[in-house]
Amino acid sequence: MLAVLVGVVAMTAYERVHTATPTGQMAPAPTFTLGVRTPTPTPTGEAALPTDQQRFLAIGETQWWRATAGACGGRAPVIERSSDAGATWIAVTPNYLGIERVLTLNAFTGADAEVVAGVAGCNAQALRTYTRGQFWESYPDVLTASRFVDPKDAASIHLATATVPAPCGASSGLHAQGDVIALVCDGRAWSWTGTVWEQLAPESAIAVAIDGGEVVVAHAEHECAGVALSRVAPAGAAKPVAIGCAAAVDADAALAIDVTGADVVVWSGDELVFVQ
């Protein structure tokens, strides 16, 4: 479970909340050796939340996408699409492909989506839809170029050129955009430098997103009675810049974040909370 009540700074923010009732059930390449820059967390063997409770949110220009992770051999994932900025959602999970777990979720071309998923025995596949979720197809070349947590080993990260150790034994919430790769391990946000993982401030991280080459971190903060949001450059020494506080959000519950325009959108429970 997350280490909460860690003091940094948070600034007052306004919130706009939309409620959307989910239609679904809620709840790797050659290797090489690398280092992890200190301080290095002690691997716990457990993610902050059980795998099937983890979430993903991806906002496209005209279509928004979200997913619960699911677990191989356990609760099935649910993928949903919204064409009205999260007011309503439609389930578009490709169950006919034997999907067992969602590892990444990305929006592209404004209206389309891509997931890397554990499929048919939890083997990784990259799936894309160009029909707003009606049909999904496997793209092996996309999988090769994708960055994701190994569905069979959360201590391993698949990159385009290699499979590398994660900075802890149970990584989660990986996001990649361009050269920026970020994830959560043992309650800290981390970014990949190309050779090692670097810790990002602030501490008590819950989820990450990438925006304009920077990492947005959702984290616990004692001055925010909810979930604080900060922006940091993907270099470990950079000082975070406070964005605001999602006061209605439970820091101990599953959540996902993404950015649209000036807003950071937090998906928690059945709600989307917008923080500017």
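A disulfide here is a pair of cysteine sulfur atoms within 2.5 Å. The structure holds three of them.

**Before you start.** This is a predicted model, with residues numbered from 1 along each chain as its sequence is written, where local features need pLDDT of at least 70, side-chain atom pairs count only at pLDDT 80 or more, and totals for chains, interfaces and linings use all residues. Side-chain values use heavy atoms, leaving out hydrogens and water.

**Colour by pLDDT.** This is the predictor's confidence in each residue, from 0 to 100. The chain average is 85, and 82% of the residues score at least 70. Now select residues 1–47: their pLDDT is below 50, yet the stretch has 146 contacts in the model beyond near neighbours in sequence. Contact means heavy atoms within 4.5 Å. Where pLDDT is low, the predicted coordinates should not be read in detail.

Cysteine 168 sits in the loop between β12 and β13 (172–177) and cysteine 185 in strand β14 (residues 180–185), so the bond ties parts 17 residues apart in sequence. Strands are DSSP runs of E, at least two residues, numbered from the N terminus. The S-S torsion is about -85°, so this disulfide is left-handed. Cysteine 185 is buried at 1% relative accessibility. Buried means under 20% relative accessible area, exposed over 50%, partly exposed in between (1.4 Å probe, protein chains only).

Cysteine 72 is in the loop between β3 (64–68) and β4 (78–82), and cysteine 122 in the loop between β7 (112–119) and β8 (123–129), 50 residues apart. The torsion is about 70°, so the disulfide is right-handed. Cysteine 72 is partly exposed at 29%, while cysteine 122 is buried at 6%.

The link is right-handed, with 80° about the S-S bond.

Strands β15 (residues 188–192) and β16 pair in the antiparallel sense over five bridges. Two strands pair if DSSP finds at least two bridges between them. Serine 191 stands opposite glutamate 198 in β16. Four residues lie between the strands of this hairpin, where glycine 194 takes a positive phi near 110°. In β16 (residues 197–203), five of seven residues are buried.

**Finish at the open sheet.** Its three strands run in the order β10-β11-β12, with antiparallel pairing. The edge strands are β10 (148–150) and β12 (163–165). Within β11, histidine 158 is the bridge partner of phenylalanine 148.
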